[in-house]
Structures are given as C-alpha cells and as structure tokens.
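Here is a friendly first look at how charged side chains pair up in a protein model. Please have a look at the sequence and the structure before reading on.

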Amino acid sequence: MNTRRDPRPYAGRLVLLLTLLVPCPVGPAAAQEPTHDPALFDRLEYRMIGPYRGGRVTAVDGIPESPATFFMGSTGGGVWKTGDAGETWTNISDDSFAVASIGAVEVADADPSVVYVGTGSACIRGNISTGRGVYRSRDGGKSWTFIGLPEAGLIGKVVTDPRDPEVVFVAALGHPFGPNPERGVYRSRDGGESWERVLFVSDSTGAVDLAIDPVNPRNLYAAMWRVERKPWTLIDGAMEGGIYRSRDGGDRWEKLTDGLPQDQPIGRIGLSVSASRPDRVWALVTAEPGGGVFRSDDGGDTWARTSEDRELRTRAWYYSHITADPTDPNTVWVENAGLYRSIDAGETFHRVRVPHGDVHDLWISPVDPSTMVVANDGGAQVTLNGGDSWSTMNNQPTAEMYRVEVDEQWPYRVYGAQQDNSTISVPSASVGALTPESEWYSVAGAESGHIAVHPEDPNTVYSGNYIGRIDRYDHRTGRSRNVILYPQMQDGVAPRDLKYRFQWNAPIEISPHDTDVVYHASNYVHRTTDGGMTWETLSGDLTTDQEWQQELPGGPLQHDH
C-alpha cells in the first residue's frame, strides 16, 4: 500500500473571490484565432470581496500552556490559528495543503509545537470533499510536511500519545462515495514517517472517532462506522459497526458489547475519556432502538445508558460528538444542532448558547476548563468564561458558497448562497460605506439556493433554498414572496410519492431573450411568465425515473434527503 504519495499542493481556501476578465468572442472563429493576447491575463490577481462570516468548521484544538492560542480546521478553508483568543484568525495551510477540507487537528500534549492535521471532514454531508492524507508541523503551524495516507478519504480524528509526540493514531473513515481498502485505524511511531494499519473491519466500514487514556495511553478506543453516500441515498450503519478497544497501544483490538446495543446495525459513534477519571469512558451511540449517551466506569468492560434524549441524537450522521470535561468526571458535553452540557454524569443535559448552530467539535483546556473553543457551521469561536460569551464568527473568510451570480449594474454586485447561512449580495467595489457589512444584504432564499438576478432590474431577484423553495425578492421594499411551484412537504416522504422531485440545489434561470420568463427545474423543467404566480411544466420527466432509487432516502438507521 502506498502511504507516502505526495499530492500536488495548491492553495485551497474557499472564499468568494473576484477577478476582472477580458471579454472575448465565442464561437468557431474565436476558437480558431484568439482575438486577445494571453499575456493580458498574466498580471490578474484575485481579491476577496467577502463575506468574512465564518463557514463550516469540524475540528478545533488548543494549547493549555497558551490560553489564547487555538487552531481550527475548516471544511472548505484549510487550517487557521489565533493567538488572541479568536479576535483574529490567520490561515496557516494555504500553499502547503493539497486540499482545503479538514477533518481533524491534533496539538501534541507532549510538545505543543507539534501539530497533526487530517484532511477530509468526516461530517459526511452530500456535498462533502474527500481529503488527501495527513500533514505535520514541528513549529506550531509555520511550516508543514505531508506525511502520508493519501487514500484515507475522510479523517475523523487524530490523537497522540500524551507522553510522546511521535506516536500518533489516525481514524480513517475512507472515501465517502464507495468502498476502499484503506479504511481503519493507523498508527505511526515515528511522527508519520511510516504507518501501519492496526485496526481494519472492512472496505466499507471505517474509523470515525478515537479516544486515548491520558494516564495509560496503551488504552485506546475506536468507533467504527459503515457509511456511504449515493446520489439518491445515504447508507448508514451495519452490524460490524461499534466500539473497539485496545489495551496494548493498538496491537490488538476487541469489540465491546456489554451494555451496548447488540445484534442490530450500529451507526455513527462519538467517544471521549474523562481525564480526571480515565476509567470513565463516554459514548454517543446511534442505534434504533437503544441509542443514546452511554457511560462506562470500568474502562469499557461494561456500559450503561444514561440518556436517550432525542435532542442529543438528531441527524446523528452529521454530529454524534461527545467531549468529557478534563477536570470534572461528572461533566460531559454533547455537540449536536446545539451544544449541551451535563453536570450529573450524563443523566440530564442543558443547552449552552453558542454563536451558531450545527456544532461539531469542542476543545476544553485541562488547565482552565472555562477556556474552550467550539467548532460549528459558523466557524470557530472562543470562550474564556465557560460559555457565557464567545468571540465573533464574523472574522473568518471561510464561507462555503454554493455558486456565484452577478448583476448588470455598475459597480456590479455579486450574489451567492452560503452554506448554513443566508444568501448574500456584496458589491464588487465599495462605494464608500463605513464598513463592508453595511453594504451586504440577503436576497431571500437560503443556504443552497440558486440565484437569478433580473438583467434589467437588479432590485428583482429570484432565489431558492433546498428541495424546491423559490422566492421573488424586491430590494426596493426589502420584502420577499414565496412563489413555490407546488405546495408539498418533502421531508419524510419517499420521492416516488412526490408530485415533483427537487434536488437539494434546484436551478433557477431568467431567459436572456424575454426577461418575464423564469425557468425552474425539478425532475421537470417549469416556466413562469408572471413572477411565479403561476407555473407551467414544459418537459417530461428528465431523470432516469428508477423506482428503486425513489424509496425514502437513507437506511438502515437514518434517513436523509
């Protein structure tokens, strides 16, 4: 197995950018005889025009001895570092990494100048980006070395031996769209110079989480998960999934079962060890029936379910993260759509306010547990007071933009839909506002929408959202009207039972020939000539229309459109 192939690095930050392009004719003549000098493009440069509101982050870490220093791994923007508790963030991976999707960041406890990064976020949305292996820094992120595992796909966790920064373990979930044999848990004893796979279940089941005993690092726990994305469904869970334990530093593994759901498919699992009581191990288990928060007080020999609260288990394929407080064995946190804390050993949980929802990771300082950094779909934010207040999310240019549209005014404006945020319109050139934010505005719709701007009236915008929602927005009034094609509830409904089947991103296009004509697409092409008040269907079903692909998406455990 080739574990050291170094992919070609490129700058991978996903931000909304603008460059001025020289227009040229299209058509056969243009293809045969260029009408411009290619050298005209040589000096063109990208400049960021916004927005710098944070995008999705699924990995964070910090340095206990440096309470203002934290790292975050963005799913589209690479690795960032702050030295002032989140007041400012600086990218430290551009020009070094082959991809921008980050799955894990690990600062070595034994030497905080050593940082490992696993690429490919393991929070496996339908629009996930595959990683290209592991990187290491020996100078706190100033420089990086590619250290292998290019076919690990999505990396859910990286952990180091608390006594030796050269001993490192990687949880490789694998490629999201099909089987691959490089899944499992990997170990290196020389800082990533060489690797050995120490736990393998199958080419369809990979490792999504790892936890290490901070007192006796020979004790390791791994969460194994069968997951695969198809264009029409999510495959989630299998009998071979579950919690595995090693008591000899990763040489041998056993599957843990006593008190855990058995004889049924197991889905995603989150793991954590209480540093102040290392025999106490936590697990957030996806299973139906019997899922929930589990606690072991004997190092994993036996388990008991402490909570079956559904609020902790929503969209478990996207979350299922659990973090033990490093100083109090009775305090444990769960990261889900919100952030939840229990102070009674997992019996009850209460929500803690954070700047943005969809929470994926949490790092708590073992020196002062009121110092934390949280990862969510709005970036990363720092608290120095136990969550009473957090740093801003509006200083991180890591927004994931679904697509870009421009209007015809001058200076022209640029439009896009940001993942787990609103649509946004930003100017291509400022007209002298006090702050850039004062020139931003939403144009209705939401995160995944296509946007179409009226070519003769830029105040009129058609914008969408997932599964077929479409709005008509008027910037003169600041109001929008929903002009959806057909009133149907799609969540929880098998596609075969829907009148129209919309993709997560449903196209919207204004005719360049007649601006009263707006097209919208489900499995059919639709048209309106009266601003969306009425619609007509122009085409037949343009999909393959296979009934076996139109069951309720997902399974055997969870369903996801």
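The report below walks through some salt bridges in this predicted model.

## The overall count

How many salt bridges does the count come to? It comes to 31 salt bridges.

## Arginine 252 and aspartate 248

Let us begin with arginine 252, whose side chain meets that of aspartate 248 in a salt bridge, with 2.7 Å from N to O. Are the two partners buried or exposed? Arginine 252 has a relative accessible area of 62%, so it counts as exposed, because the cut-off for exposed is over 50%. Aspartate 248 has a relative accessibility of 9% and counts as buried, since buried means under 20%.

## Arginine 496 and glutamate 551

Next comes a salt bridge between arginine 496 and glutamate 551, where the closest N and O atoms are 2.7 Å apart. Where do these residues lie? Arginine 496 is in the loop between strand 37 (479-482) and strand 38 (508-510), while glutamate 551 is in the segment after strand 41 (536-537), so the pair ties together parts 55 residues apart in sequence.

Arginine 496 is partly exposed, at 40% relative accessible area. Glutamate 551 is also partly exposed, at 44% relative accessibility.

## A network of shared partners

Which residues do salt bridges with shared partners join into one network? They are Arg187, Arg189, Glu196 and Asp251. Within this group, glutamate 196 forms a salt bridge with arginine 189, and their closest N and O atoms are 3.3 Å apart. Glutamate 196 counts as partly exposed, with 34% relative accessibility.

Technical notes: Residues are numbered from 1 along each chain as its sequence is written. This is a predicted model: local features need pLDDT of at least 70, side-chain atom pairs count only at pLDDT 80 or more; totals for chains, interfaces and linings use all residues. Side-chain values use heavy atoms; hydrogens and water are left out. A salt bridge is a side-chain nitrogen of Lys or Arg within 4 Å of a carboxyl oxygen of Asp or Glu. Buried means under 20% relative accessible area, exposed over 50%, partly exposed in between (1.4 Å probe, protein chains only). Helices (H or I, at least four residues) and strands (E, at least two) are DSSP runs, numbered from the N terminus.
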